[in-house]
Amino acid sequence: MRKISYEQAASEALVEEFRRDEKTVHLSTDVPPDLREEFGEARIRQTPISESSFVGAAIGLAGSGFRPVVNVRMATFGFVAMDQFVNQAAKITYMFGGQARFPIVYRMTVGASKSFAAQHSISPYSMYMNVPGLKIILPATPYDIKGLLKTAIRDNNPVICFEHMALGAMEGEVPEEEYTIPFGRAVIRREGSDITVVALAKMVHESLAVAEEMQQEGISLEVIDPCTLNPLDKETIRASVARTGRLVVVDEACITAGAAAEFTALVVEDERIFRRLKSSPKRVCGLDVPIPYSPPMEQYALPSREKIKAAIREAMA
Amino acid sequence: MKNRKEELIYLYRVMLTIRRFEERVVLDYQSGAIPGIVHSYIGQEAVATGVCTNLRRDDRIISNHRGHGHCIAKGADLNRMMAEIYGRKTGYCKGKGGSMHIADFNIGMLGANGIVAGGLPIAAGAALAAQLEGGDKVVVVFFGDGATNEGEFHEVLNLASIWKLPLVFACENNGYGVNTPVKYATGLEHVSERATGGYGIPGVVIDGNDVVAVYEAAKKAVAGVRAGKGPVFLEFMTYRWRGHYEAPGLPDLRPREELEVWKKKCPVVNFERKLLENSIISREALDTINTQVMQQIEDAVSYALASPLPAPEDALDDVFSS
């Protein structure tokens, strides 16, 4: 199968969906040249750096029958528009009693690792998980971002697509023929029997590398990528932990009140699984600090293969 | 509208409907029949009426926390409005929104918004939609003077200006953001200076208590916007008679004599007198309208009271669309 980058896969998803549905509109400060060329200035619209206005304008477009895709760029810029995300986009379907649909896709990059420092590095998806009314996808591979973005554009609700900054250039197999990926289905990236590792975004790949290394030590890791955080495939995670009796969650977001805590809770709250646990669940997450600039500090603040291994050894002991 | 006379009587009827609706809502709130909080539109009826009378059904409006008047003027159903305010299942939003979030997408009422200036970006999007559709629909966004200090307000003025959006900014300057005087909060006599000076959007200051003045100004503005000339900013000078919202113990720090002055400028009573003085309508016909409006309000309350409350578990529906 051909291999293309994560970024190319995302771009293909947009082109295909914009051809498929003429009600799609693209809003962003940086205009994607290929889209602009094919679909014109009106639909592929350049915005000023004015996040509240264009994040909110997408809601008005959607409520008027259009299907906007908004590239917010970095998740840190998204905070400028939090009223529109949290008070408006997330609640508008509900508080108007479901009388109108708001199909919107917001794309934002997340993560750290490039010395971009605190205001250009963050993984805030758990903040949005705490807001009912927003669907949240977190594609970790080129195949996934293409299929999930296509589904997101066809969905009749606001969907936030979080894309890890380090994955853009990553290549992976993507078929030529069309496909979509349904929301709410976790993918078992690697099957194993000793311990379940739930990993998010870039940490999927780090955990897979660790799984390979630990196989040589005789420890068998099952690596699960939830792919979408809302809806969340709780069953796949629960079933895996019920089988292995052990859980480690790997996420580079800060540890406090993060998605990792949610995964841990949904396992230990299940009496059936709780009784089968062979060790307490562990979290390998970012430290509770803003992301620092200088490489040694930045690396220290983020999960590493060594930290993942240490947590797994602890859980296996 | 067939002729000028009918047009004027229509304006009167809409204003009166809003006034009586709001009076009843205040009463029923005070008696405990209505939960939550309500923001009364009493005193500002001429603005919603004069503006919305210039709109077609397919034109769109976005409203704010003080939104009942905008809904009524755009043609919303009083029964379903009252039912929503009463928290009933038959309300516009099935009881999920209440007083501050009434919407009727079928008549182009894209919702009332409880966050000051929060509706402005949404209105910009609705206006962009109208522009992309290529027809001549216009969008009107209602907001108060208090919204003009929010960042969203400035971002949207800019966006509307650079994209020449078919958007009418309808600012109801009632002098206060809750209890903060607009002159203190903005340093300006007229907030429309922000549109004209900062963003190149034409602005007009209008007596917001004179429904004919509002109607004529909005007519001109809507015609220009419909013709593709870009956004317009209308600043209506008016006053709310009630406190910021109905709540026991909410202090109203505005000077008492100010209210007395503005009550003399009552949009409904003054217009009624003009209609009679100019023989536009007879006292008898006026009384008939009053009786009809009172009956409509009474019917709306009966409808609300006869409607079931939502089941508790209905709370789980409508988080997402299918």
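Start with an open sheet of 5 strands in chain A, in the order E9-E11-E10-E13-E14 and with mixed pairing. Strands (E, at least two residues) and helices (H or I, at least four) are DSSP runs, numbered from the N terminus. Two strands pair if DSSP finds at least two bridges between them. This is a predicted model: local features need pLDDT of at least 70, side-chain atom pairs count only at pLDDT 80 or more, and totals for chains, interfaces and linings use all residues. Residues are numbered from 1 along each chain as its sequence is written, while chains are lettered from A and ligands numbered from 1 in the order in which they are written.

**Stop 1**

Now select E10 (195–199) and E13 (247–254) of chain A. They pair in the parallel sense over 4 bridges. Which residue of E13(A) stands opposite Val198(A)? It is Val249(A).

**Stop 1: helices across the sheet**

H11(A) lies across E10, E13 and E14 of chain A, at about 155° to E13(A). Angles run from 0 to 180 degrees between N-to-C directions, and axes are lines fitted to C-alpha atoms, for helices over the stretch in contact. Next comes H14(A), which lies across E10, E13 and E14 of chain A and runs at about 165° to E14(A).

**Stop 2: H9 meets H14**

Select H9 (202–215) and H14 (305–316) of chain A. Their axes come within 10 Å and cross at roughly 60°. The two helices are therefore oblique to each other (angles under 35 degrees count as roughly parallel, over 145 as roughly antiparallel, 65 to 115 as roughly perpendicular and the rest as oblique).

Show the side chains. H9(A) brings Glu206(A), Ser207(A), Ala209(A), Val210(A) and Met214(A) to the contact, and H14(A) brings Arg305(A), Ile308(A), Lys309(A) and Ile312(A). Residues are in contact if their C-beta atoms, placed from the backbone, lie within 7 Å.

**Stop 3: chain B**

Show both chains. Their contact takes 35 residues from chain B and 35 residues from chain A. Which element of chain B gives the most to the side that touches chain A? Select H5(B): it gives 9 residues.

How values were computed: Contact = placed C-beta atoms within 7 Å.
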